[in-house]
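Could you walk me through this model in my viewer, one selection at a time? I would like to know what to pick next and what I will find there.

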Amino acid sequence: MDSSECLLFNNKYESVYQDMTHPLSDYFISSSHNTYLISDQLVGPSDLWGYVSALVKGCRCLEIDCWDGSQNEPVVYHGYTFTSKLLFKTVIRAIHKYAFITSDYPVVLSLENHCSPSQQEVMADSLQSTFGDALLSDTLDDFPDKLPSPEALKFKILVRNKKIGTLRETRERRGSDKHGQVEECEEEEEAEQEEEENEAKGPEPSDAFQDDLEKEAESKRAVGIPLFKKKKLKIATALSDLVIYTKAEKFRSFHHSRLYQQFNESNSIGESQARKLSKLRANEFILHTTKFITRIYPKATRTDSSNFNPQEFWNVGCQMVALNFQTPGLPMDLQNGKFLDNGGSGYILKPHFLRDSKTKFNPNKALMDSNPSILMIRLISGIQLPPSYHSSSNKADTLVSVEILGVPNDQMKQQSRVIKKNGELLIYFIEHLLDFLLKSLKIIY
């Protein structure tokens, strides 16, 4: 089935054929989580192969967890765990070597930055010296008001991190000495763990209840009452100024984003919170992703590097659905299958109803005026099937299973009837072939 003659994938889509001039937010972007890990999240090794293999597979958003290392050299590893460490500069060099082997389109480096300002400056120096002109450090237009396209950003590296100040202020500082310049900002601490604990406590809250929670949150913010414990972050200006179109911004609510979020700000949302939002506020979620790049990451309890089903978040237009690339299974099968399209470029143009700022689409509701298609598959034959060593008779009991994954109303699974002992003829053939070869050897010698 992997041969070119039998491959189900239409080979005319093996090259880039989609319109690549839309804003970045209009595309699904192949994304990985904790890319440096090649095993579990607690004690497994960190390895450059994680980055190399992801890039070879067309991944366009890589995650780099950065921490202070010895001798003023930042390191990459899963903090507060026993995973091994890599030097940040070594990771950057590997990415530079393989970034555009598979795809010409931009690579986003999503920094999970835990470094001190001094080591952030080292990171900024490494990024600039390694990538040179490929590193995007200024806007493409003088007064941008929307994200550029993948076409305009070909062969570019984008840094995703916290940013201080505006793009205009960044441009004004170009060429100046930023050594020792540090700015401070406040950030609400992650509530993902709390979300996971609440997930197991009871049924999902209603839409009305969710509305009340958002209104209460906004009213508290208006009078200065903190919702979460806040922490102060110190960010080196040198690193901050390398963040242009992919500023990391804490997600608060859809209402807050509509009022205050800027076009170049993107959100990271944990799978537990994102799942609730996709069930309760699906249309609002889609309207949010028509404007802003949204990244979904696995919950902290997935210490074995397991993955969620990415389809539920693609259904609401999330651009960066980050998976653990090292873990095979259905989620990665879906990831690999989806991004085979458009020449394996790592960018897939979202359908129009996920790009329309006035869309009323809700994946959880059946469309009243839809024009469904019917997919018919005819099974002709199966040959060269291996024997089953899990069967006492060593005979294969074969069947074919076909599944469609998409919006809930489209999901369907069908399977053929089981053909008992279908490997019997194959085993007979193998036994007689071996017997013939043995006799031939005796004749030769």
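Which side chain meets that of Arg252 in a salt bridge? Select Glu249: its side chain pairs with that of Arg252, at 3.4 Å from N to O. Arg252 is partly exposed, with a relative accessible area of 25%, and Glu249 is partly exposed as well, at 22%. Keep in mind as you go that this is a predicted model.

Now zoom out for the whole chain. Of the contacts between residues at least 6 apart in sequence, 74% join residues at least 24 apart.

Back to charged pairs; a search of the whole structure finds 15 salt bridges. Select Asp241 and Lys178, whose side chains meet at 3.0 Å, N to O. Asp241 sits in the loop between helix H7 (237-240) and strand E10 (247-248), and Lys178 in the loop between helix H4 (167-172) and strand E8 (182-188), so this pair ties together parts 63 residues apart in sequence. Asp241 is buried, at 2% relative accessible area, and Lys178 also counts as buried, at 18%.

Next, pick Glu271 and Arg275, which form a salt bridge at 2.9 Å, N to O. They are four residues apart in helix H9 (residues 271-280), and therefore about one helical turn separates them. Glu271 is buried, with a relative accessible area of 0%; Arg275 is buried too, at 15%. For a linked group, select Asp138, Asp142, Arg171 and Arg174, which are joined in a network of salt bridges.

Time to go inside. Show Ile64, Ile95, Leu109 and Leu127: these have the most contacts inside the largest nonpolar core, a set of 57 residues. Centre on Ile64, and leave aside neighbours within four places in sequence; its contacts include Tyr51, Val76, Phe88 and Ile95. A second, separate core of 19 residues has Leu136, Leu147, Leu158 and Tyr347 among its members.

Then move to helix H12 (residues 330-338), where Pro331, Met332, Leu334 and Gln335 are buried. They lie on the same side of H12, because they cover an arc of only 155° around the axis.

Finish at the surface. Leu375, Ile377, Leu379, Val400, Val402, Ile404 and Met412 form a nonpolar patch with about 600 Å² of accessible area together. Val402, in strand E15 (residues 401-404), counts as partly exposed at 30% relative accessibility.

Notes: Residues numbered from 1 in each chain as written. Predicted model: local features only at pLDDT ≥ 70, side-chain atom pairs only at ≥ 80, totals over all residues. Heavy atoms only, no water. Patch = residues over 30% accessible without salt bridge, like charges linked within 9 Å, V, L, I, M, F, W, Y side chains within 5 Å. Areas by Shrake-Rupley, 256 points an atom, 1.4 Å probe, with all protein chains shown as cover. Salt bridge = Lys/Arg side-chain N within 4 Å of Asp/Glu carboxyl O. Helix = DSSP H or I, 4+ residues; strand = E, 2+ residues; numbered from the N terminus. Buried < 20%, exposed > 50% of the residue type's maximum accessible area, 1.4 Å probe, protein only. Arc of directions from axis to C-beta. Core = buried A, V, L, I, M, F, W, Y, C linked by side-chain atoms within 4.5 Å. Contact = heavy atoms within 4.5 Å.
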